[in-house]
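Q: Could you please show me how to read the features of a protein model?

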Amino acid sequence: MPPAARETAQRGGAGKGAFTLKIVYFSPNDTTRTVTEAAAAAMEPGGERVDLLKAPLTEDLSVGAEEMLVVGMPVYAGRIPALCLSSLAHLKGNGGPAAAIAVYGNRDYDDALLELTDLLEAQGFRVVGAGAFIAKHSIFPTVAANRPDEKDMEAIAAFGRECQARRSLFSDSHPGQILVKGNRPYKKPGSGSFRPTGDKSCTSCGACAAICPTRSINPAEPTKTNEDTCIACAACIRVCPTGSRAFRGPVYQTARKAFELKCAAYRLPEAFYRA
């Protein structure tokens with residue numbers, strides 16, 4: 001894996017009782033990374049980072065029984081991104097603990113957290129905690145615009161501490177069980193109705209094409225977007241230096257206003273733990 005996609009930070013607290021973190025996330029808008037890193041920091045400083053936006057996993061990543069895996073995924077239409085499924089399938093547990101994190105834009109996380117928990121359990125992890133946290137919506141960024149806020153960060157840290165406390169409580173003879181909100185079968189994935197495009201302020205710098213995880217932007221025509229492959233993750237909007245790329249158009253503006261009204265209520269984080 002390229003060094004840019006997988007980094008190892010200095011780990012503090014080495015010695016008796018210390019353990020190693022592996023932190024995996026897909027974070028086009030940087031909010032899932034923020035939430036996942038904050039939860040991990042409450043467990044242990046440092047650890048190995050795997051950034052699936054920069055480079056998907058193409059080889060198995062084995063996590064030892066004494067290590068903790070922390071996985072953060074954004075929620076797209078109530079599911080984890082289909083684009084990430086092949087990468088997540090390369091995570092191999094050995095009966096060790098994992099924390100599952102879903103980050104959503106204040107509408108609902110539906111079946112995403114359950115889906116991620118089921119996936120990790122099926123691959124040999126014991127999910128000791130599963131948390132759903134709120135962040136700025138990627139398509140309608142006026143919704144939950146200032147989240148995660150201070151209260152969210154406190155809840156995220158508390159989640160991390162609780163996961164750490166539970167990491168060694170279970171064994172093969174006492175595996176425990178975690179019950180996470182959601183439904184099986186999972187809801188049918190949605191495709192979304194809006195795709196970002198560029199305008200005349202585009203300088204053809206290529207940043208959007210370089211960051212796009214589905215290669216939906218042609219560097220030769222960076223104001224356009226392949227609507228068939230774009231997943232509306234908005235990574236291109238985040239990195240555009242001129243603000244050229246955005247969701248736009250009268251239909252989008254109408255939908256944005258309706259979504260703002262529908263999702264105006266302040267939703268609280270939710271956490272579930274193995275017992």
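A: Helices (H or I, at least four residues) and strands (E, at least two) are DSSP runs, numbered from the N terminus. This is a predicted model, in which local features need pLDDT of at least 70 and side-chain atom pairs count only at pLDDT 80 or more, whereas totals for chains, interfaces and linings use all residues. Residues are numbered from 1 along each chain as its sequence is written, and side-chain values use heavy atoms, with hydrogens and water left out.

Q: Is Ser244 buried or exposed?

A: Buried means under 20% relative accessible area, exposed over 50%, and partly exposed in between (1.4 Å probe, protein chains only). Ser244 counts as buried because its relative accessibility is 1%.

Q: Which residues does Ser244 touch?

A: A contact means heavy atoms within 4.5 Å. Not counting residues up to four places away in sequence, Ser244 touches Thr197, Gly198, Asp199, Ser201 and Cys202.

Q: Which residues of α7 are buried?

A: In α7, the buried residues are Tyr252, Arg256 and Phe259. They lie on the same side of α7 because they cover an arc of only 70° around the axis, the arc being that of the directions from the helix axis to the C-beta atoms. On the other side of α7, the exposed residues are Pro250, Val251, Thr254, Lys257 and Leu261.

Q: How many helices and strands does the protein chain have?

A: The protein chain has seven helices and nine strands. Of its 275 residues, 49% are buried.
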